[in-house]
Amino acid sequence: MALLNPLIFGEVLRKASDLDNIMEKNEQLRAQATGFMNRLAMIKKMGFVPGVGTAPFYIVIAEKKGFPPVEQESLAHCLENMWLKATALGLGFQLVSITAQMGDNVEFCRILGLQSGKWGLMGCAIGYPVEKLSISTRPSVKEVTTWLR
Ligand SMILES: Cc1cc2nc3c(=O)[nH]c(=O)nc-3n(C[C@H](O)[C@H](O)[C@H](O)COP(=O)(O)O)c2cc1C
């Protein structure tokens with residue numbers, strides 16, 4: 001964890017700076033990437049990546065890249081099952097999406113024993129929660145369902 005944390009934080013700083021430069025010249029990307037950019041800026045301000053070192057376990061899962069590329073879909077299905085199981089066990093579960101940006105980071109992949117650039121990555125943090133979260137607000141199923149007749 002002590003090794004991974006600065007690697008991920010360094011990637012956040014690099015991505016924020018690269019994106020900032022590209023966004024200056026590209027109006028379309030500026031509109032698309034503002035949310036992501038704000039999240040990177042928030043992490044930069046906090047000085048750490050939520051989930052990495054803030055919970056007992058940071059778990060990275062990997063799926064070999066193939067064609068057509070579906071590794072992130074596979075990883076999402078895997079994480080959904082992990083999320084359901086963790087919840088059933090009374091564990092707190094937090095997605096750490098920034099993990100997906102680490103697939104080309106040579107040092108990060110070396111620690112995992114993976115060849116960089118060859119794998120899709122995603123991650124989550126798991127541990128017993130310090131406090132119980134309030135119930136999520138959800139729209140009614142009727143509001144979000146469209147039936148085609
Ligand atoms: C695709 C996806 C990526 C997410 N990535 C992160 C993340 O990187 N860090 C984080 O703290 N939460 C992340 N979340 C969690 C959400 O912010 C939220 O806490 C979670 O989906 C629970 O939603 P709820 O409050 O509607 O129940 C992610 C959620 C989704 C669906």
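Which helix does glutamate 11 lie in?

1. Glutamate 11 sits in helix H1, residues 4-25. Helices here are DSSP runs of H or I with at least four residues, strands are E runs of at least two, and both are numbered from the N terminus. Two housekeeping notes follow. Residues are numbered from 1 along each chain as its sequence is written. This is a predicted model, in which local features need pLDDT of at least 70, side-chain atom pairs count only at pLDDT 80 or more, and totals for chains, interfaces and linings use all residues.

2. Overall, the protein has five helices and three strands, running α-α-β-α-β-α-β-α along the sequence.

3. Back to glutamate 11: it is partly exposed because 19 other C-beta atoms lie within 10 Å. The cut-offs are 20 or more for buried, 12 or fewer for exposed, and partly exposed in between, with C-beta atoms placed from the backbone. Setting aside neighbours within four places in sequence, glutamate 11 contacts Gln101, Met102 and Asn105; a contact means C-beta atoms, placed from the backbone, within 7 Å. Methionine 102 is 91 residues away in sequence, yet the C-alpha atoms of the pair are 7.4 Å apart.

4. Valine 52, beyond its neighbours within four places, touches Met1, Leu4, Asn5, Ile8, Tyr58 and Val96.

Technical notes
Contact = placed C-beta atoms within 7 Å.
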